[in-house]
Amino acid sequence: MKLNHIDLHVPDVQRAVLFFERYFDFELQSNRTSPAIAILSDRHGFVLVLQRLKDPAHVYPEGFHVGFLVENEDIVLGFHERVRSDGLEVSQVLRNNRGVLVYCKAPGDILVEVSCRPRAV
């Protein structure tokens with residue numbers, strides 16, 4: 001079984017599209033001007049659907065996040081610097097038994113993790 005897509009609900013679809021295009025190289029597959037829905041591809045078979053949030057009182061549960069696994073620590077550090085310099089809310093670089101990781105907030109208050117696994121000793 002293969003994960004095909006995830007559907008996230010956000011208050012501003014177009015703003016979220018720009019975030020995922022800029023920082024994660026997703027490619028928009030649908031109408032760029034639609035305020036209601038966007039379909040993005042990672043070009044490797046995964047689809048990210050962004051839909052307009054219908055209930056403004058909706059919040060994602062504490063701890064809910066989307067995670068991106070990258071090949072090495074330099075990519076994590078580069079991502080951290082890029083989002084920080086763009087003024088986005090981002091955690092410090094964390095190092096633990098899971099590897100090297102950072103968290104930032106995507107539009108719609110979606111927590112996003114970028115991490116790499118620890119190197120084998």
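View 1. Helix H2 (residues 73-85) lies across S6, S7 and S8 and runs at about 30° to S7. Helices (H or I, at least four residues) and strands (E, at least two) are DSSP runs numbered from the N terminus. Angles, from 0 to 180 degrees, are taken between N-to-C directions of axes, which are lines fitted to C-alpha atoms, for helices over the stretch in contact. Contact means heavy atoms within 4.5 Å. The model is predicted: local features need pLDDT of at least 70 and side-chain atom pairs count only at pLDDT 80 or more, while totals for chains, interfaces and linings use all residues. Residues are numbered from 1 along each chain as its sequence is written, and side-chain values use heavy atoms, with hydrogens and water left out.

**View 2. The open sheet S5-S8-S7-S6.** The 4 strands of this open sheet follow the order S5-S8-S7-S6, with mixed pairing. Strand S5 (65-69) and strand S6 (94-96) are at the edges; each has a single partner strand, so one side of each lacks a neighbour in the sheet. On average, neighbouring strands of this sheet are turned by 25° against each other, direction ignored. Two strands pair if DSSP finds at least two bridges between them. Strand S7 (residues 99-106) pairs with strand S8 (residues 110-116) in the antiparallel sense over 7 bridges, and Tyr103 stands opposite Glu113 in S8. Helix H1 (residues 13-24) packs on the sheet, where it touches S5, S7 and S8, and its direction makes about 155° with that of S7. S5 and S8 run parallel and are joined by 5 bridges.

View 3. Buried means under 20% relative accessible area, exposed over 50%, and partly exposed in between (1.4 Å probe, protein chains only). Gly67 has Glu113 as its bridge partner in S8.

**View 4. Surroundings of Glu113.** Glu113 lies in strand S8 and counts as buried, at 7% relative accessibility. Its side chain makes polar contacts with the side chain of Arg98 (3.1 Å) and with the side chain of Tyr103 (2.8 Å). A polar contact is a pair of N or O atoms within 3.5 Å; within protein, one must be able to donate a hydrogen and the other to accept it, and residues adjacent in sequence count only if both atoms are side-chain atoms. With neighbours within four places in sequence left aside, Glu113 is in contact with His65, Val66, Gly67, Phe68, Arg98, Leu101, Val102 and Tyr103.

**View 5. Ile110 in strand S8.** Ile110 is placed in strand S8 and is buried, with a relative accessible area of 1%. Apart from neighbours within four places in sequence, Ile110 is in contact with Leu8, Val10, Tyr60, Val66, Cys104 and Lys105. Ile110 and Gly63 are 47 residues apart in sequence, and their C-alpha atoms are 9.9 Å apart in space.

**View 6. The open sheet S1-S4-S3-S2.** Here 4 strands form an open sheet in the order S1-S4-S3-S2, again with mixed pairing. S1 and strand S2 (27-28) are the edge strands; each has a single partner strand, so one side of each is left without a neighbour in the sheet. S3 and S4 run antiparallel and are joined by 5 bridges; Ala38 stands opposite Leu50 in S4. H1 lies across S1, S2, S3 and S4 and runs at about 155° to S4.

**View 7. The largest nonpolar core.** This core has 29 residues, and Phe20, Phe24 and Leu50 have the most contacts inside it. Elements that give two or more residues to the core are strand S1 (5-10), H1, strand S3 (37-41), strand S4 (47-52), S5, H2, S7 and S8. H1 provides the largest share, 7 residues. A nonpolar core is a set of buried Ala, Val, Leu, Ile, Met, Phe, Trp, Tyr and Cys residues joined through side-chain atoms within 4.5 Å. Not counting residues up to four places away in sequence, Phe20 touches Asp25, Phe26, Leu48, Leu50, Phe68 and Ala106.

**View 8. Cys104 and Cys116.** The structure holds 0 disulfides, a disulfide being a pair of cysteine sulfur atoms within 2.5 Å. The sulfur of Cys116 is 16 Å from the closest cysteine sulfur, in Cys104, which is too far for a bond. Cys104 is buried, with a relative accessible area of 1%, and Cys116 counts as buried at 4% relative accessibility.
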